[in-house]
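Visitor: I have a model open and some labels to check. Please take me through them.

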Amino acid sequence: MTYETVRETDPDAAAALEGERARQNNTLAMIASENHVSEAVMEAQSSELTNNYAEGYPGERYYGGCEYADDIEQLAIDRAKALWGAEHVNVQPHSGSQANMGVYLAMLDPGDKILSLDLTHGGHLSHGHPANFAGQVYEVEQYEVDIDSGYIDYEGLDDIATEFEPDIIVSGYSAYPREVDFGRIQETADAVGAYHLADIAHITGLVAAGVHESPIGVTDFVTGSTHKTIRSGRGGIIMCDEEHADAIDGAVFPGAQGGPAMHAIAGKAVGFGEALQPEFEDYAEQTVGNAKALADQLRENGLSLVSGGTDNHLVLVDLRPSHPDTTGKVVEEALESAGIVLNANTVPGETRSPFNPSGIRAGTPALTTRGFGEEACREVADLLCEVIDDPENEAVIERVSDRVDELTDEYPLYD
């Protein structure tokens with residue numbers, strides 16, 4: 001077999017890959033769940049481990065030839081334990097959603113009860129939405145944020161939990177801009193005899209760096225994604241105490257998936273190693289500082305923010321008070337034309353379709369990776385508002401696009 005580059009063997013695929021690299025270099029990524037990993041993480045994730053079939057766990061594989069797969073997976077596990085302080089770690093889930101699936105399969109029977117945050121209030125599909133397997137296999141009830149404050153309604157959560165008697169309560173969210181009081185929700189779980197799963201998919205890096213409260217040692221299970229604020233190989237992770245280790249491992253393999261994606265686990269190991277370096281704490285602190293600066297400037301420009309601001313890496317804008325005739329989808333598409341990529345998002349009390357909602361969600365992890373500081377994020381907020389105020393004005397979009405080009409040159413990404 002001749003080993004050649006993608007460009008030599010498949011120009012069409014190469015063109016798409018090169019186009020994606022150029023797109024990332026030349027746009028500002030503000031989708032809160034996206035980030036830019038290092039060249040080292042990309043190298044590990046595209047390594048020869050993609051050829052390896054390693055069903056099982058380190059030292060207990062179903063196939064031979066896994067000595068280096070064992071090394072890399074154990075490295076990822078050990079580094080995750082050092083980052084988050086967990087007793088047991090499973091790094092094999094292919095995504096955060098499959099990490100949640102692993103916990104459900106390990107601890108619940110079909111028809112058991114899940115209590116989670118409503119999707120339009122900042123929850124996640126894998127927490128029990130009817131379009132997801134969790135909403136089809138389990139009985140699901142949902143709590144909400146307080147419409148007026150934008151904060152989780154902890155007392156309402158207590159009331160629903162008492163009446164519903166869930167088997168597991170899910171905390172951790174995809175569009176909640178405030179710090180989560182995991183201890184408060186654990187008290188509710190203890191009171192009703194439920195497990196507590198904290199899904200920290202969005203805030204894995206913030207928790208690792210100590211800039212967000214950690215659920216480790218507080219909740220029964222912690223799941224997360226490994227490619228968002230933690231900037232490692234793409235996939236998921238489950239953390240728990242040793243008493244649940246065997247159940248979790250068995251639920252992931254063979255319960256939910258087959259052979260692990262060892263190349264992705266290699267990316268996790270390298271990214272976790274980077275996150276153990278002292279400068280990662282600076283990165284996480286800057287990510288939060290940048291989000292606060294973004295939020296402040298958006299407010300100064302007259303936009304309404306859910307909860308009034310942010311404690312973490314994202315802001316959620318409710319367009320209805322300031323731009324009642326403008327939808328999140330219109331803004332998303334106009335901003336993408338200008339080189340700024342974020343997503344339309346539902347907001348608490350949503351009155352429109354989730355496919356064309358009333359809000360937008362913007363995050364700072366990727367901007368911070370590029371080197372943006374607070375003043376640069378304030379300027380980005382001004383650019384956002386220029387487009388939001390007149391999303392169909394081509395001259396505005398062109399002017400903002402020109403400034404985005406200057407910013408991407410000033411803060412380069414990949415060579």
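Guide: What follows sets the labels against their definitions.

Guide: This is a predicted model, where local features need pLDDT of at least 70, side-chain atom pairs count only at pLDDT 80 or more, and totals for chains, interfaces and linings use all residues. Residues are numbered from 1 along each chain as its sequence is written, and side-chain values use heavy atoms, with hydrogens and water left out.

Visitor: Why is Asp70 called buried?

Guide: Buried means under 20% relative accessible area, exposed over 50%, partly exposed in between (1.4 Å probe, protein chains only). Asp70 has 17%, so Asp70 is buried. Asp70 is found in helix α4. Helices (H or I, at least four residues) and strands (E, at least two) are DSSP runs, numbered from the N terminus.

Visitor: What is Asp70 in contact with, leaving aside neighbours within four places in sequence?

Guide: Tyr57, Pro58, Gly59 and Arg61. Contact means heavy atoms within 4.5 Å.

Visitor: What makes a set of residues a nonpolar core?

Guide: The members are buried Ala, Val, Leu, Ile, Met, Phe, Trp, Tyr and Cys residues, joined through side-chain atoms within 4.5 Å. The largest such core here has 53 residues. Trp84, Met239 and Phe272 touch the most other members. Helix α4 gives the most to this core, with seven residues.

Visitor: Which residues of helix α13 are buried?

Guide: In α13 (residues 328-337), they are Gly328, Val331, Glu332, Ala334 and Leu335. Their cover includes α15 (374-389) and α16 (394-410). Just after α13, Gly339 takes a positive phi of about 95 degrees.
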